[in-house]
Amino acid sequence: MGFIMAASGSAVGLGNVWKFPYIVGENGGGAFVLVYLICIAVVGLPIMLSEFTVGRKTSLNPVGAFQQLQPGTPWVGIGFMGVLAGFLILSFYGVVGGWTLAYVVKALTHSLDQFTNPSEAGKFFGTFIASTGEVMFYHALFMGITIAIVIRGVHGGIEKACDILMPTLVVMLVILMIRALTLDGAMEGLKFYLYPDFSKLTGQSILVAMGQAFFSLSLGMGAMITYGSYLPARENLTSATLYVVLFDTLIALLMGLVIFPAVFAMGLEPTEGPGLVFSVLPAVFTGMPFGWVVSILFFTLLAIAALTSAISLLEVVVAYFIDQKGWGRKKSVLTMGLVIFVIGIPSGLSFGLLADSQLFGMTFFNHVDNISSNYLLPLGGMLTAIFVGWVWGTKEAHKEIERHETTFHWAGYWEFVVRYIAPVAVAIVFLAKFFPTD
Ligand code: PHE
């Protein structure tokens, strides 16, 4: 269970709780959710197993892993891309992580459970993210905590904490879901969320759904290679993959069942964007029995879930400098942590000072998120699938998966998907985006 919870600690985070609901809202609901689930099954699942396998086989960081399996070839580039992706993702992830810390404090001081009407909660959030000082302070705090944990290199404690945290998060979400579903008008929200209206799908929304599958499962950048590299041979990789994927998807789906019924019942807009969860949940806490306690618990859990993901992001970047460049852990963590924080500053200001400084209609925050989640991760994942499927080879990978007498029950599915479906699916989505048919 330890490993499954640790990998889930990386997978479950802001991606499930913050990002999933808002992009579902922006991309029309049910049909998008369906495309997302298909991406999880045909792209996410096989690539996660591939990453675990590469990691355990080599016991190395992503750059070292590809180097060892195919020395002197350009495949090592997948590892470098991963380091870059981890770097970019953490830069804006730290900003949103900071928002969650701020909301823990605001919950404690009763600011999140007594709005007079639902739209007040949205205004409250809008004022908060536009305030430079406060946003910067919590961004720095979040990065500081992440750095402090990664410097010690002790993930043991954190991973143990995940054993308790993750199930508690599920319980909280179920409680909130019951609350949301019993609000007047909740059914409209359920319909939006679950009933697929395919007319709302575009090439762009399919790309976003695929990017989200990678982002939410922490794939395409070597985080799962890194986790796999810590694994003993007797761990069963195939069932670990299934559990992590199921768990991560369950949390995202539950979150949708909380947000959309509430959005529609309260007359809010599903297309609100990155502020959606922060604007809607406080409106749900208001007037809910024990709303204050729930608000504190919820944002505390979310902040911790965000931290366990941020740790895995920083670890990929840092492991590269330690293993490949021979830097000490302390120097690597402090330097890279600081650089990432600085690169994140314009993302933090994208909702205030820099809100109007846009390029192609998108803020700095949007660009960094878009480049890393929608392009770097799927590209890294596609190349990983091609590498494992064709270059290193499914035969070798299969041997590694079965190294310790476990039988790989869905080997046929995996081999087929990793060789043919996953790379082709990613390629088609990219092509459809660049050469739109309409
Ligand atoms: N999967 C994490 C989340 O959903 C984010 C993440 C992406 C972490 C890539 C590591 C690598 O919040």
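The paragraphs below describe the surroundings of the ligand and then one serine in a loop. The model is predicted, so that local features need pLDDT of at least 70 and side-chain atom pairs count only at pLDDT 80 or more, while totals for chains, interfaces and linings use all residues. Residues are numbered from 1 along each chain as its sequence is written, and side-chain values use heavy atoms, with hydrogens and water left out.

Around the ligand stand 14 residues, of which Ala 11, Gly 15, Tyr 93, Phe 215 and Ser 218 come nearest; a residue is near if one of its heavy atoms lies within 4 Å of the molecule. By class, this shell holds six nonpolar, eight polar and no charged residues, where Asp, Glu, Lys and Arg count as charged and Gly is among the polar ones.

A polar backbone atom of Ala 11 is 2.9 Å from an oxygen atom of the ligand, and a polar side-chain atom of Asn 16 lies 3.3 Å from an oxygen atom of the ligand. A nitrogen atom of the ligand is 3.1 Å from a polar backbone atom of Ser 216. Of the 330 Å² that the ligand exposes when taken alone, the protein buries 100%, with areas taken from the Shrake-Rupley method with a 1.4 Å probe.

Ser 350 lies in the loop between α15 (329-348) and α16 (364-391), these helices being DSSP runs (H or I) of at least four residues. Ser 350 counts as buried because its relative accessibility is 3%, the cut-off being under 20%. A polar atom of the Ser 350 side chain lies 2.8 Å from the backbone oxygen of Pro 346.

Conventions:
A polar contact is a pair of N or O atoms within 3.5 Å; within protein, one must be able to donate a hydrogen and the other to accept it, and residues adjacent in sequence count only if both atoms are side-chain atoms. Helices (H or I, at least four residues) and strands (E, at least two) are DSSP runs, numbered from the N terminus. Buried means under 20% relative accessible area, exposed over 50%, partly exposed in between (1.4 Å probe, protein chains only).
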